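User: I would like to learn how to read charged side chains in a protein model. Could you take me through an example step by step?

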Amino acid sequence: MGGRFAIALDGGNAKTDLALVGEDGEILSLVRGAGSSPHQIGLAACIELIGELLERAFEEAGLEQQRADAAVLFLAGVSVAPGGYRAG
């Protein structure tokens, strides 16, 4: 790819949007999938769905999969409490 990029994810109960965004703010790809709330579908299914969306986003952008420079993930029903992950 050559440039730096970030992953932006908005995951809710009804839908999940994932974008690859270049350091200049250009949207390199934007894909949409089913709801990804781990409270609704379970943590394993949530992780699997996000992985599938990442694959589609890289493919749509015509890029090889690679590590992002930053990621912002908003997931419905998730909070991080002292002691770790908690859904619901």
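**Reading the charges**

Analyst: In this predicted model, the count comes to 4 salt bridges, where a salt bridge is a side-chain nitrogen of Lys or Arg within 4 Å of a carboxyl oxygen of Asp or Glu. One of them joins Arg4 and Glu23, whose closest N and O atoms are 3.9 Å apart. This pair links distant parts of the chain, with Arg4 in the segment before β1 (5-11) and Glu23 in the loop between β2 (15-22) and β3 (27-34), 19 residues apart.

User: Are Arg4 and Glu23 buried or exposed?

Analyst: To read this, remember that a residue counts as buried under 20% relative accessible area and as exposed over 50%, with partly exposed in between. Arg4 has 51% relative accessibility and therefore counts as exposed, and Glu23 is exposed as well, at 61%.

User: Which residues are linked in a network of salt bridges?

Analyst: The network links Asp10, Lys15, Asp17 and Arg32. Within it, Asp17 forms a salt bridge with Lys15, the closest N and O atoms being 3.2 Å apart, and the side chains of Arg32 and Asp17 also meet in a salt bridge, at 2.6 Å from N to O.

User: Where on the surface does negative charge gather in a patch?

Analyst: A patch is built from residues that have over 30% relative accessible area and no salt bridge. Here Glu48, Glu52, Glu55, Glu59 and Glu60 gather in a patch of negative charge on the surface. Taking one of them as a case, Glu55 is placed in helix α2 (residues 43-61) and is partly exposed, with a relative accessible area of 48%, so it passes the accessibility cut-off for a patch.

User: What pattern does the protein follow along the sequence, and how much of the protein counts as buried?

Analyst: The secondary structure comes to 2 helices and 6 strands, and read along the sequence these follow the pattern β-β-β-α-α-β-β-β. Of the 88 residues, 27% count as buried. The protein exposes about 5,500 Å², and carbon and sulfur atoms supply 53% of that area.

Notes. Residues are numbered from 1 along each chain as its sequence is written. This is a predicted model: local features need pLDDT of at least 70, side-chain atom pairs count only at pLDDT 80 or more; totals for chains, interfaces and linings use all residues. Side-chain values use heavy atoms; hydrogens and water are left out. Patches are made of residues with over 30% relative accessible area and no salt bridge: like charges are joined within 9 Å, nonpolar side chains (Val, Leu, Ile, Met, Phe, Trp, Tyr) within 5 Å. Accessible areas come from the Shrake-Rupley method with a 1.4 Å probe; for residues, only the protein chains shown count as cover. Lys and Arg count as positive and Asp and Glu as negative; His and the chain ends are not counted. The place of a charge is taken as NZ of Lys, CZ of Arg, CG of Asp or CD of Glu. Helices (H or I, at least four residues) and strands (E, at least two) are DSSP runs, numbered from the N terminus. Buried means under 20% relative accessible area, exposed over 50%, partly exposed in between (1.4 Å probe, protein chains only).
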